[in-house]
Amino acid sequence: MTADIDTAGPGGTADPATGSGWRGGFSPYSVGSPGRAPSRVVPLPDLEFARVPDTIVDGFSLRDAGLTEQVRVRAVSLRGLSHRCYGRVRQDTYDWRVTADDRYLVVCVADGVSAGRLSHLAADQAGVFGTRLLCEQLADTAPAELRWDELLDATAEAILGVGAAFVAPKAAVGTEAARWEIAEHMATTVLYAVVDLVPADGRHDVTLLTVGDTSAWVLGTDGRWRAQQPIKNEGDEIYSPAVVALPILPSVASRPVRTGVAPGEALVLMTDGVGDPLGDGTGAVADFLAESWREPPADLEFAAQAGFSRRSFDDDRTVFALWPVGRS
């Protein structure tokens, strides 16, 4: 966002006393060289999936029964430059729910695999179905005892059920061959987070489970990024974009990660559209986002910051961020 601008309508002057005129302005964010694409791409719609919005944005606070503010949330999912240029649907998404007892916030951030034309459907299913199933489990299960294997199995089957209706695989539905055939058309990485809205010792407990390269970070009070799982391609001599994605279940069982987030910190969940330029949490992008997200910005400003331009990074972008509110 640019600094406030005072101006007046035609033939008038800005008058703070009467509120005449208008204020504000916008300039897109960039980090380093933005390249030529941001100024040259003319966004095209995906006419086959025209009802899928180009961008979705959220900004809200959650409160307890006594109306005391617990956490502030900002979230955005936006179509990347590549999909805008070629008229392809946004394949990222996020979903969230609060359990019936208002104890837990359940979040899914999903990144549809771009090679599959219908991968946005897989991402939607992972979000809607997966968060609902987690809430059902949390009705009688503590986060430490969640049945993650059951969750992933059921979510994969839900994706396959949708896929069978769209893809009509040559192999018999329910077979391993059909699973792989559907996955070629629709697959998604997922990151699930369960946030305890009741703090313990000043921190909100968080349980995370990841399939693929969607990542979770804690932005500390010192402005440093702390990765909550191995950093993508860290230590690899050759960069590999290959990811694990549902409905193919990981060959090595995904294990939950327990962490926490306190006032002054932020829990930030993101797809690789932001995670890749963030890298290992150091450098220009890390500095820009850390400075921008020390505190929750306005929701539309958050969306603009997540959509920063940087040369060669043109994937869909999805970020779900949470800031605990300290109690005075």
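These exercises with worked solutions concern a predicted model.

The model is predicted, and local features need pLDDT of at least 70, side-chain atom pairs count only at pLDDT 80 or more, and totals for chains, interfaces and linings use all residues. Residues are numbered from 1 along each chain as its sequence is written, and side-chain values use heavy atoms, with hydrogens and water left out.

**Exercise 1.** Find where pLDDT stays under 50 and how many contacts beyond four places in sequence the model has there.

*Solution.* Begin with the chain as a whole, which averages a pLDDT (the predictor's confidence in each residue, from 0 to 100) of 90, while 90% of the residues score at least 70. Next, look at residues 1–12, where pLDDT stays under 50 and the model has 24 contacts (heavy atoms within 4.5 Å) beyond four places in sequence. Residues 235–241 also stay under 50, and for these the model has 5 such contacts.

**Exercise 2.** Determine which strands pair with strand S9 and whether the residues of S9 are buried or exposed.

*Solution.* Start from the open sheet, whose 6 strands follow the order S3-S4-S13-S12-S9-S10 with antiparallel pairing; strands are DSSP runs (E, at least two residues), numbered from the N terminus, and two strands pair if DSSP finds at least two bridges between them. On one side, S9 (residues 215–219) is joined to S10 by 3 bridges, and Leu-219 stands opposite Trp-225 in S10. S9 is also joined to strand S12 (residues 266–270) by 5 bridges, with Val-218 standing opposite Leu-267 in S12. The side chains of a regular strand alternate between the two faces of the sheet. In S9, Ser-215, Trp-217 and Leu-219 lie on one side and Ala-216 and Val-218 on the other, and all are buried (under 20% relative accessible area, with a 1.4 Å probe and protein chains only; exposed is over 50%, partly exposed in between). Because 5 of the 5 residues of S9 are buried, S9 is largely enclosed by the rest of the structure.

**Exercise 3.** Identify the buried residues of helix H8 and what covers them.

*Solution.* First locate H8 at residues 299–306, helices being DSSP runs (H or I, at least four residues). The buried residues of H8 are Phe-302, Ala-303, Ala-304, Gln-305 and Ala-306.
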